[in-house]
Amino acid sequence: MKNELIIPFDAPLNPQDSETQTYGCRQNNPNICGNNSLPNVCAFVCDDCICKKPSRAWKKQYNVLKGN
């Protein structure tokens, strides 16, 4: 299941994505993410599979994917 949560950075948006969170993990290398496996933060350990602290680049990428 963990591999299913690795989402390419440029993959289409998921309905649960926003400027401040992503469904799954969109890090290029989740193993070096400073928030990896943090309860209530990391998608890999949250029941809802939501990353609550995506990379700083995510907000810009979210707007690109959204078409803004």
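User: Is Gln-61 buried or exposed?
Analyst: Gln-61 is buried, because its relative accessible area is 14% and buried means under 20% (exposed is over 50%, partly exposed in between, with a 1.4 Å probe and protein chains only). Keep in mind that this is a predicted model: local features need pLDDT of at least 70, side-chain atom pairs count only at pLDDT 80 or more, and totals for chains, interfaces and linings use all residues. Residues are numbered from 1 along each chain as its sequence is written, and side-chain values use heavy atoms, with hydrogens and water left out.

User: Which element is Gln-61 found in?
Analyst: Gln-61 sits in helix α1. Helices (H or I, at least four residues) and strands (E, at least two) are DSSP runs, numbered from the N terminus.

User: What is Gln-61 in contact with?
Analyst: Setting aside neighbours within four places in sequence, Gln-61 is in contact with Phe-9 and Asp-10. Contact means heavy atoms within 4.5 Å.

User: Which residues in α1 are buried?
Analyst: Trp-58, Gln-61, Tyr-62 and Asn-63 are buried in α1. The cover over the buried residues of α1 includes β1.

User: And what follows α1?
Analyst: Gly-67 does, and its phi is positive, near 95°.

User: Switching to rings. How many aromatic pairs are there?
Analyst: The count is 2 aromatic pairs. Rings of Phe, Tyr and Trp (its six-membered ring) pair if their centres lie within 6.5 Å; planes under 30 degrees apart are stacked, over 60 edge-to-face, and the rest tilted. Phe-9 and Trp-58 have ring centres 6.0 Å apart and planes at 70°, so that pair is edge-to-face.

User: Where in the chain are those two?
Analyst: They link distant parts of the chain, 49 residues apart: Phe-9 is in the segment before β1 (22-23), and Trp-58 is in helix α1 (residues 58-66). Ring pairs link Phe-9, Trp-58 and Tyr-62 into a cluster.

User: Why does Phe-9 count as partly exposed?
Analyst: Because its relative accessibility is 25%. Trp-58, by contrast, is buried, with a relative accessible area of 1%.

User: OK, new topic. How many cavities are there?
Analyst: A search of the whole structure finds 2 cavities of 30 Å³ or more. On a 1 Å grid over the protein atoms alone, a cavity is a set of points where a 1.4 Å probe fits but cannot get out, and lining residues have an atom within 4 Å of a point.

User: What lines the second largest cavity?
Analyst: Its lining includes Phe-9 and Trp-58 from the ring pair, along with Cys-25 and Cys-51. By class, that lining has 5 nonpolar, 3 polar and 1 charged residues. Ala, Val, Leu, Ile, Met, Phe, Trp, Tyr, Cys and Pro count as nonpolar, Asp, Glu, Lys and Arg as charged, and the others, Gly among them, as polar.

User: And the largest cavity?
Analyst: Cys-25, Cys-33, Cys-42 and Cys-51 are among the residues lining the largest cavity.

User: How many disulfides are there?
Analyst: The count is 0 disulfides, a disulfide being a pair of cysteine sulfur atoms within 2.5 Å. Cys-46 is in none, and its nearest cysteine sulfur, that of Cys-42, is 6.7 Å away.

User: What about Cys-49?
Analyst: The closest cysteine sulfur to that of Cys-49 is in Cys-46, 8.2 Å away, so it is too far for a bond. Cys-49 is buried, with a relative accessible area of 8%.

How values were computed. On a 1 Å grid over the protein atoms alone, a cavity is a set of points where a 1.4 Å probe fits but cannot get out, and a pocket is an open set with protein on both sides within 12 Å along at least five of seven lines; lining residues have an atom within 4 Å of a point. Grid points are joined across faces, edges and corners, and a volume is the space filled by probe spheres set on the points.
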